[in-house]
Amino acid sequence: MKTAALITHSHPPAATEAVPIAAAAAKAAGWRLVADQGELDKHGAEAAGVELERDGETPDLCMVLGGDGTILHALRRFAGTKVPVFGVNFGTVGFLAAVERADAEEGITRAFAGEVETIELPAIRVEAGGRSAIGFNDITLQRRPHDRVAELSYRVAADEVGHVRCDGLVAATPVGSTGYNLANHGPILAWGVKGYVVSYIAPHSLTARALVVAPHDILTVGNAPDREPVEIGLDGTSFGELESGKELEVSFLDAAGCLAQLPGTSFYGRIRDKFGHLAV
């Protein structure tokens, strides 16, 4: 019997209505739908039909009822396992979701019937202060509120290519290029592009430009001496701080995660539907 792991939005009311739908669709398709104790407690009686997951088991599918943040959490949780992550959008943008909230029942039923295509997604790894982690969207460095403007430099393949006073810096995967990087006027990278993009947040320069980095090149970001620490973010969550005079490294990881979509889904159609036409 196949198993699907259930992960839902951090705000329970947003997705609770779809939990019984997912449980019924799994049962009808002959699947086990499992979740950790936190998920079961979150949805109470509505989680009837969802089993407590077993320690160490690897599911055949991850069913996400939530927004992009929840889908990113699921991708990180199952990174390197080839477990496909299928998202139903209960958030705002839902760029990574396979179906929208209104189509939840049909989409979930099709997912359990195996009517999905999978896309391998790259990630980027950050290493700082003896710790490392991966993100599927972006890694950000930002000055703390009320601190002075940051002074950041970055090297690619050991060559310094930027040294700018700014509010911060973003290193984004192709998936994450439509997030904070896009707000920085950085380029959109189509899914399937090998590489990642580096862009400054509010640079105090007329010449600072975003740069697309080759997949095998290491990005090293430094915080200038005698400056305040800058906050490090990973897919929108806190990873700590980069202290004055310290550096961190970012590297590209190919095929780190697996996203499940319905057949016929196009990256370019997704761009149009979520953000509008690129030119009119």
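## A buried loop residue

Asp235 sits in the loop between β16 (230-234) and β17 (237-242); helices (H or I, at least four residues) and strands (E, at least two) are DSSP runs, numbered from the N terminus. The phi of Asp235 is near 50 degrees, a positive value in a residue other than glycine. Most residues other than glycine have a negative phi.

This is a predicted model, in which local features need pLDDT of at least 70, side-chain atom pairs count only at pLDDT 80 or more, and totals for chains, interfaces and linings use all residues. Residues are numbered from 1 along each chain as its sequence is written, and side-chain values use heavy atoms, with hydrogens and water left out.

## The chain as a whole

The secondary structure of the chain comes to seven helices and 18 strands. Of its 280 residues, 50% count as buried. The C-alpha atoms fill a box of roughly 60 × 45 × 35 Å, taken along the principal axes.

Among contacts (heavy atoms within 4.5 Å) between residues at least 6 apart in sequence, 67% join residues at least 24 apart.

## Helix α5

In helix α5 (residues 104-112), the buried residues are Ala104, Gly107, Ile108, Ala111 and Phe112. They lie on the same side of α5, because they cover an arc of only 130 degrees around the axis; the arc is that of the directions from the helix axis to the C-beta atoms. An α-helix has 3.6 residues a turn, so residues three or four places apart point the same way.

The buried residues of α5 pack against β1 (3-8), α2 (19-29), β2 (32-35), β4 (61-66), β5 (84-89) and β6 (99-100). Just after α5, Gly114 takes a positive phi of about 85 degrees.

Thr3 is placed in strand β1 and counts as buried, at 6% relative accessibility. Leaving aside neighbours within four places in sequence, Thr3 is in contact with Trp31, Arg32, Val34, Glu57, Pro59, Asp60 and Leu61.

His146 is found in the loop between β9 and β10 (150-156). At 83% relative accessibility, His146 counts as exposed. His146 is not a glycine, yet has a positive phi of about 75 degrees.

On a 1 Å grid over the protein atoms alone, a cavity is a set of points where a 1.4 Å probe fits but cannot get out, and a pocket is an open set with protein on both sides within 12 Å along at least five of seven lines; lining residues have an atom within 4 Å of a point. Grid points are joined across faces, edges and corners, and a volume is the space filled by probe spheres set on the points.

The whole structure has one cavity of 30 Å³ or more, and the largest cavity holds about 40 Å³ of space. Strand β18 (residues 247-261) gives the most to the lining of this cavity, with four residues. The largest pocket holds about 200 Å³. Its lining has 16 residues, of which Asn137, Asp138, Thr178, Gly179 and Tyr180 lie nearest its centre.

How values were computed
Buried < 20%, exposed > 50% of the residue type's maximum accessible area, 1.4 Å probe, protein only.
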